[in-house]
Every structure is written in C-alpha cells, then in structure tokens.
Amino acid sequence: MKIMVLHGPNLNLLGTREPEVYGSTTLADIDAMLQEEGKRLGVEVRALQLNSEGALVTAIQEAAAWAGALIINPAAYTHTSVALRDAIAAVALPTIEVHLSNVFAREEFRHHSYITPVAAGLICGFGIDSYRLALIAATRMGT
Ligand code: CA2
C-alpha cells in the first residue's frame with residue numbers, strides 16, 4: 001500500500017521559527033520518521049510540502065491515481081479552504097487530518113476545520129506523534 005502525506009503552507013519553517021508553539025522538530029525530521037515507520041509497517045510513504053492551495057488540490061487529485069490513503073496537515077488552509085475540502089471529498093481516499101498542535105486549545109478561529117467533515121478522522125496535539133499515529137491509522141484504513 002502507498003500513502004500520500006501532504007504538508008500545507010509554512011510547514012517548511014518548522015524547527016526554525018516559533019519553537020514555543022511547534023517545537024524544534026523540522027519537517028525533514030518528520031519525513032524521516034514517516035519513512036522509518038512506513039518500513040516498519042510495510043507501506044510506502046510519499047511526502048510533499050506545498051505552500052499554495054491550488055498545488056495542494058492538484059496533489060490530492062493526482063494521489064487518487066496511486067495512493068491507498070491520504071494524510072494531510074492542511075495548516076492554515078484547514079480553517080479557510082473549501083477547495084481542499086471539495087478535492088478530498090471528490091477523490092474519496094481515506095483521509096486523516098493531522099495537526100501538530102492542539103488546535104482546540106488555541107485561538108477560536110482554529111477551532112473550525114473545513115476538512116474534518118470529509119476526513120475519516122482527526123489527530124491533533126501530539127507534535128510529531130500526530131503524524132506517527134496518523135500513519136498507523138492510514139495503514140489500517142487504506143487499500
Ligand atoms: O498545528 C498544526 O499542525 C497547524 O496545522 C499548523 C498551522 C496552523 O495554521 C494550524 O492552525 C495548526 C501553521 C503551520 C505553520 O507552521 C509554522 C512553523 C514554524 C513557524 C511558523 C509557522
């Protein structure tokens with residue numbers, strides 16, 4: 001089974017800015033962990049970070065051709081993007097929404113997600129382990 005992992009806007013800055021919110025883990029650390037866990041679980045993981053909404057929509061559409069499940073941290077687009085929600089609903093891949101931080105313990109505007117209603121589930125608040133848990137869930141759900 002193959003799993004697409006999409007990281008949304010600004011997540012390339014992880015580990016370099018706002019460590020009090022997002023910790024010192026870099027995106028490269030997260031991707032390395034996902035490769036390692038993927039091997040352990042017997043799944044192929046392809047990870048991509050994209051800053052633009054349209055590029056994320058395209059990546060979701062393309063993943064439908066080869067992936068068995070999708071893990072996505074839509075970052076700020078979580079709270080704004082009908083386009084990402086429509087793309088996820090359209091491709092009908094089992095999708096797990098991930099956030100490093102506990103969005104419900106933060107500002108009010110982060111409490112609403114356009115993505116959660118079309119996702120199989122949501123994992124947030126566990127830092128890098130949010131992705132680790134999502135990979136386990138995706139491995140069990142995907143085809
Ligand atoms: O907690 C998460 O994973 C978020 O998806 C992160 C987003 C935020 O807008 C969501 O509400 C929750 C922000 C990603 C930006 O990441 C940065 C990392 C380092 C420095 C600045 C931004």
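Throughout this passage, a residue is called buried when its relative accessible area is under 20%, exposed when that area is over 50%, and partly exposed in between, with a 1.4 Å probe and protein chains only. The structure is a predicted model, in which local features need pLDDT of at least 70 and side-chain atom pairs count only at pLDDT 80 or more, while totals for chains, interfaces and linings use all residues. Residues are numbered from 1 along each chain as its sequence is written, and side-chain values use heavy atoms, with hydrogens and water left out.

The ligand sits in the largest pocket. A pocket is here an open set of points, on a 1 Å grid over the protein atoms alone, where a 1.4 Å probe fits and where protein lies on both sides within 12 Å along at least five of seven lines; a molecule is taken to sit in a pocket if more than half of its atoms lie within 2 Å of the grid points of that pocket. Around the ligand there are 17 residues, of which N73, H79, H99, L100 and S101 come nearest, a residue being near a molecule if one of its heavy atoms lies within 4 Å of it. This shell comprises 9 nonpolar, 5 polar and 3 charged residues, where Ala, Val, Leu, Ile, Met, Phe, Trp, Tyr, Cys and Pro count as nonpolar, Asp, Glu, Lys and Arg as charged, and the others, Gly among them, as polar.

In the side chain of H79, an N or O atom is 2.7 Å from a ligand oxygen, and for the side chain of H99 the corresponding distance is 2.8 Å, whereas at A76 a backbone N or O atom lies 3.5 Å from an oxygen atom of the ligand.

Backbone angles were examined next. Most residues other than glycine have a negative phi. At A75, however, phi is positive, near 50°; this alanine belongs to the loop between β3 (69-73) and α4 (82-91), and A75 counts as buried because its relative accessibility is 15%. A positive phi, near 55°, also occurs at A92, which is found in the loop between α4 and β4 (95-99) and is exposed, with a relative accessible area of 61%. Helices (H or I, at least four residues) and strands (E, at least two) are DSSP runs, numbered from the N terminus.

Side-chain pairing was considered as polar contacts, that is, pairs of N or O atoms within 3.5 Å; within protein, one atom must be able to donate a hydrogen and the other to accept it, and residues adjacent in sequence count only if both atoms are side-chain atoms. In helix α2 (residues 27-41), which holds E37, the side chains of E37 and R40 make such a contact at 2.8 Å, and E37 is buried at 8% relative accessibility. R110, in the loop between β4 and β5 (121-124), is likewise buried, at 18%, and its side chain joins that of E107 through a polar contact of 2.7 Å.

Finally, V43, located in the loop between α2 and β2 (44-49) and buried at 10% relative accessibility, is 96 residues from T139 in sequence, yet their C-alpha atoms are 7.1 Å apart.

How values were computed:
1 Å grid on protein atoms, 1.4 Å probe; cavity = no way out; pocket = protein on both sides within 12 Å on 5 of 7 lines; lining within 4 Å.
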